[in-house]
There are 2 protein chains.
Amino acid sequence: MTRGDIVLVEDPTYFVFLGILQSHGVQCRAIHLQEDGLDTEHLADTLRALHRSGQLPRVKMLYVVSYYQNPTGITTSPQKKAAILRVLRQFEKAAGHQLYLLEDAAYRELRFAGPDVPSALAVESDPSRVIYAGTFSKPFATGARVGFGLLPAELLEAVARVKGNHDFGSANLLQQLLARALASGRYQAHVTSVAKRYAQKAALMCAMLRAHFPAAVQWTPPQGGLYVWARLPQRVATGFKSNVFKAALKRQVLYVPGELCYADDPTRPKPRHEMRLSFGGATPKDIRLGIQRLGQVLSQVAGRWARA
Amino acid sequence: MTRGDIVLVEDPTYFVFLGILQSHGVQCRAIHLQEDGLDTEHLADTLRALHRSGQLPRVKMLYVVSYYQNPTGITTSPQKKAAILRVLRQFEKAAGHQLYLLEDAAYRELRFAGPDVPSALAVESDPSRVIYAGTFSKPFATGARVGFGLLPAELLEAVARVKGNHDFGSANLLQQLLARALASGRYQAHVTSVAKRYAQKAALMCAMLRAHFPAAVQWTPPQGGLYVWARLPQRVATGFKSNVFKAALKRQVLYVPGELCYADDPTRPKPRHEMRLSFGGATPKDIRLGIQRLGQVLSQVAGRWARA
């Protein structure tokens, strides 16, 4: 990635990744998200528009959080993964280079409902365009900070070099610890128990949302991951400077304002009426209290819509 | 750091840092090194020349490995630190911004001889231009990979943001481990014992060098750190493609070719006749064998000078 490159992202997407792109001067184009993953027609339309305006050669890849997406909880279906890769291939000649799919599978193992979905790696035979990013931290121990990647061979040297410049090698102790946990079966046993605990907390959060949130707020019960994505009526702002955010913070409740998860993209206004709620680190008691207070904030601060 | 910036470095310097600068498109200017640290007259001359050619505004900082330098083992004296900071201040107005000294103190605690030298932080009162980079890994456990920095306040936000984008926070487990080792006193006890072991290995390496290396090779017994810097006669190349390197590798002896430690700098030819020898990871047995074999290589492969 260098200044002026374009990366396609889901709309919304993982906001920390947006920060990384921004720090490198990389631009984004946001692709609509549907219940089963990217809107592939919008993907094709966007690539066509970029081609027409001469910007297609600047497009380097598409970033997708494919399992229990951060922030929406959406999982990309296998059919969508195949369709995404087909669309990308169609535009490679015009782009003048490979168009990669970066599949961020951070939450894959934190599954509580539904089947495990094959990764995009299963769609393609060699040579693949899929960069698969996995982690042992999220499902096993968030402080462990060891992940892995499966890369097309032509990218390996560059990625290894950048990683070496960033960290000069992952911490040996943590790698040893994970290698032993994986070999002994403790890893899998712990992931199973962690996923079960998250499932209970997700169910609790949804029950609290039903009981305490105004009826006009929409959300989908997650099938995995760490988040519930709550959609308020369009005119109710949730950003750092909004009344909702300030009132929530005053009651010691913190959420991620939805607008942080939307890339700067001149082709659409940025939605400002959503919130990412996390049940990951919170205790059941905190979840109960937090959603109750947030419900009160929405009823009291957000105005008449909430009481309608 | 952005493309086109200039960073001043010691000549030679830590080669991994050079790789990082290169990956960001940052250029270097190399400042002569003396027995007690940078040649401050050459530093001033270099800054003057950059000013004359209009490039001074591109200069952002000076990087110094101030204790038992990697690769030469040289320690910068407190007088030199004060002089370096004075010179940098003199050129700030012409540069149009602060000129920072990045003091990399990675080896400070691995001291076997001589007094502990104050850091550059001790020279300056607020506002300081010193960025002090320390680590717990090198002196305590190389796999721990936890370090720290002391920064001028105005840099904190940018540095925290870059670090967040790189690693999203240091591994919690390793920080906990180090915090406990520091609080209990185990850290200091272990550092003392590690430094003693390195001192023994350094003494062994120097004894072996005296016994097995040709008389024309020069080196200085280190007072700390992990390295001996061996200087061969100028015409004997030590790079990856040299006869010396290839013959050494054939006998399973690996050293860091000196030329890797020199920045690309159009104002001087790159020296190619030195080698960095490390006693850090090697066992005493390996040190004995390695230096013996390397001495044989130099005597046999490098030509008549070695036998003279």
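## Basis of the description

The model is predicted, and local features are reported at pLDDT of at least 70, side-chain atom pairs at pLDDT 80 or more, while totals for chains, interfaces and linings use all residues. Residues are numbered from 1 along each chain as its sequence is written, and chains are lettered from A and ligands numbered from 1 in the order in which they are written.

Helices (H or I, at least four residues) and strands (E, at least two) are DSSP runs, numbered from the N terminus. Two strands are taken to pair if DSSP finds at least two bridges between them.

## The seven-stranded sheet of chain A

In chain A, 7 strands form an open sheet with mixed pairing, in the order β3-β2-β1-β4-β5-β6-β7.

Strand β10 (residues 274–278) of chain A is largely enclosed by the rest of the structure, because 4 of its 5 residues are buried. A residue is buried if 20 or more other C-beta atoms lie within 10 Å of its own, exposed if 12 or fewer, and partly exposed in between, with C-beta atoms placed from the backbone.

Strand β8 (residues 227–231) of chain A pairs with β10(A) in the antiparallel sense over 5 bridges, and Y227(A) stands opposite S278(A) of β10(A). Strand β9 (residues 256–257) of chain A is also antiparallel to β10(A), joined by 2 bridges; here P257(A) has M275(A) as its bridge partner.

## The three-stranded sheet of chain B

In chain B, 3 strands form an open, antiparallel sheet in the order β8-β10-β9. Its edge strands, β8 (227–231) and β9 (256–257) of chain B, each pair on one side only.

β9(B) is joined by 2 bridges to strand β10 (residues 274–278) of chain B, and the two run antiparallel. R276(B) in β10(B) lies opposite V256(B).

## A helix pair in chain B

Helix α9 (residues 243–250) and helix α10 (residues 284–301) of chain B have axes that come within 9 Å and cross at roughly 135°. Axes are lines fitted to C-alpha atoms, for helices over the stretch in contact, and angles run from 0 to 180 degrees between N-to-C directions. α9(B) and α10(B) are therefore oblique to each other, the class left once angles under 35 degrees (roughly parallel), over 145 (roughly antiparallel) and 65 to 115 (roughly perpendicular) are set aside.

Residues N243(B), V244(B), A247(B) and A248(B) of α9(B) meet L294(B), V297(B), L298(B) and V301(B) of α10(B). The residues of this contact comprise 7 nonpolar, 1 polar and no charged. Ala, Val, Leu, Ile, Met, Phe, Trp, Tyr, Cys and Pro count as nonpolar, Asp, Glu, Lys and Arg as charged, and the others, Gly among them, as polar.

## Contact between the chains

Chain A brings 16 residues into contact with 17 residues of chain B, a contact being two C-beta atoms, placed from the backbone, within 7 Å. On the side of chain A, the elements giving two or more residues are α1 (15–23), α6 (153–167) and α7 (172–184). This side has 8 nonpolar, 6 polar and 2 charged residues.

## An exposed loop residue

D116(B) belongs to the loop between β5 (100–104) and β6 (130–135) of chain B. D116(B) counts as exposed because 11 C-beta neighbours lie inside 10 Å.
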